[in-house]
Amino acid sequence: MEFTNSFVLEAITREFPESVISSSEPYGFLTLEIKKEDIKKVIHHMKDSSLNYMFLTDLCGIHHPEMPEKELGVIYHLHNLVDNHRIRLKTFMPKENAEVDTLTDLYAGANWMERETFDFYGIKFKGHPDLRIILNDPELGYHPLLKEYPLEDGTRTDKDDKMFGR
C-alpha cells in the first residue's frame with residue numbers, strides 16, 4: 001500500500017463521508033476541512049487505524065473576521081512517520097461558539113499547543129486538563145492574535161511615516 005494523497009483522502013471519506021467538507025492540495029500538501037463536531041473522531045481514527053498518523057506536528061488557531069460563520073479555526077498538522085506522509089486538517093466555527101474537543105488524550109503534545117491557541121485566540125478546548133493562559137499576562141483582558149485591534153498606535157506622534165509612503 002502506497003501512501004498518496006488520493007489514497008488517504010479516499011480512506012477518510014470512505015470512513016467519514018459526512019465529515020469532510022472540502023479537500024485541496026496546496027503545494028502537494030493534502031488539506032481537508034472537517035466539520036467541527038467530527039474533528040476529534042476523524043483524528044482518533046487517523047491515529048489508531050492503519051493510516052497511523054501517530055505524530056501531531058502542530059496545532060494552531062486562525063482568525064478570519066470577514067467570515068462570520070467561519071471566523072475562528074483550528075489547524076492540525078499530522079504526520080505518519082512510518083510512511084512519511086503529512087496531512088493538514090482544518091475546522092472552523094463562529095466566534096460565539098469557539099470550542100472544540102481536546103486532543104490531549106490522543107497526543108500528549110497537544111497540551112501546550114491547545115493552551116497557546118486558547119491564550120492567543122480564545123478558542124476553548126473541551127476536556128483539556130489545564131486550560132489557562134500561559135504566555136500572556138492573565139490580566140491582559142483580550143486575545144492578542146485576534147484581528148480586532150489596530151496594528152499601530154494611532155496616537156503616537158514620534159513616528160514619521162512619510163518615508164514609508166504613508
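The model is predicted: local features need pLDDT of at least 70, side-chain atom pairs count only at pLDDT 80 or more, and totals for chains, interfaces and linings use all residues. Residues are numbered from 1 along each chain as its sequence is written, and side-chain values use heavy atoms, with hydrogens and water left out.

**Overall fold**

- The protein chain has three helices and seven strands. Helices (H or I, at least four residues) and strands (E, at least two) are DSSP runs, numbered from the N terminus.
- Read from the N terminus, the order of elements is α-β-β-α-β-β-β-β-α-β.
- The C-alpha trace spans about 65 × 40 × 30 Å along its principal axes.
- Of the 166 residues, 40% count as buried. Buried means under 20% relative accessible area, exposed over 50%, and partly exposed in between (1.4 Å probe, protein chains only).
- Among contacts with a separation of 6 or more, 52% come from residues 24 or more positions apart. Contact means heavy atoms within 4.5 Å.
- The chain exposes about 9,800 Å², and carbon and sulfur atoms supply 51% of that area. Accessible areas come from the Shrake-Rupley method with a 1.4 Å probe; for residues, only the protein chains shown count as cover.

**Nonpolar core**

- The largest nonpolar core holds 36 residues; Tyr76, Ile87 and Leu89 touch the most other members. Such a core is a set of buried Ala, Val, Leu, Ile, Met, Phe, Trp, Tyr and Cys residues joined through side-chain atoms within 4.5 Å.
- Elements giving two or more residues to this core are α1 (5–15), β2 (31–34), α2 (39–48), β3 (55–63), β4, β5 and α3 (110–121).
- Beyond its neighbours within four places in sequence, Leu89 is in contact with Leu32, Ile34, Ile39, Ile43, Met46, Val74, Ile75, Tyr76 and Leu78.

**Helix α1**

- Asn5, Val8, Ala11 and Ile12 are buried in α1. Viewed down the axis of α1, the buried residues fall within an arc of 135°, so they line one face of the helix. The arc is that of the directions from the helix axis to the C-beta atoms.
- An α-helix has 3.6 residues a turn, so residues three or four places apart point the same way.
- The buried residues of α1 pack against β1 (20–24), β2, α2 and β5.
- Ser6 and Arg14 are exposed on the other side of α1.

**Surface leucines and a patch**

- Leu140, Tyr142 and Tyr149 form a nonpolar surface patch, with about 260 Å² of accessible area together. Patches are made of residues with over 30% relative accessible area and no salt bridge: like charges are joined within 9 Å, nonpolar side chains (Val, Leu, Ile, Met, Phe, Trp, Tyr) within 5 Å. A salt bridge is a side-chain nitrogen of Lys or Arg within 4 Å of a carboxyl oxygen of Asp or Glu.
- Leu140 lies in the segment after β7 (124–126). Leu140 counts as partly exposed because its relative accessibility is 32%.
- Leu81 lies in the loop between β4 (72–80) and β5 (85–93). Its relative accessible area is 48%, so Leu81 is partly exposed.
- Leaving aside neighbours within four places in sequence, Leu81 is in contact with Met54 and Phe55. The C-alpha atoms of Leu81 and Phe55 are separated by 7.2 Å, although the two are 26 residues apart along the chain.

**Positive phi**

- Most residues other than glycine have a negative phi.
- Tyr27 has a positive phi of about 55°. Tyr27 is in the loop between β1 and β2, and is exposed at 88% relative accessibility.
- Asn84 has a positive phi near 50°. Asn84 is in the loop between β4 and β5, and is exposed with a relative accessible area of 59%.
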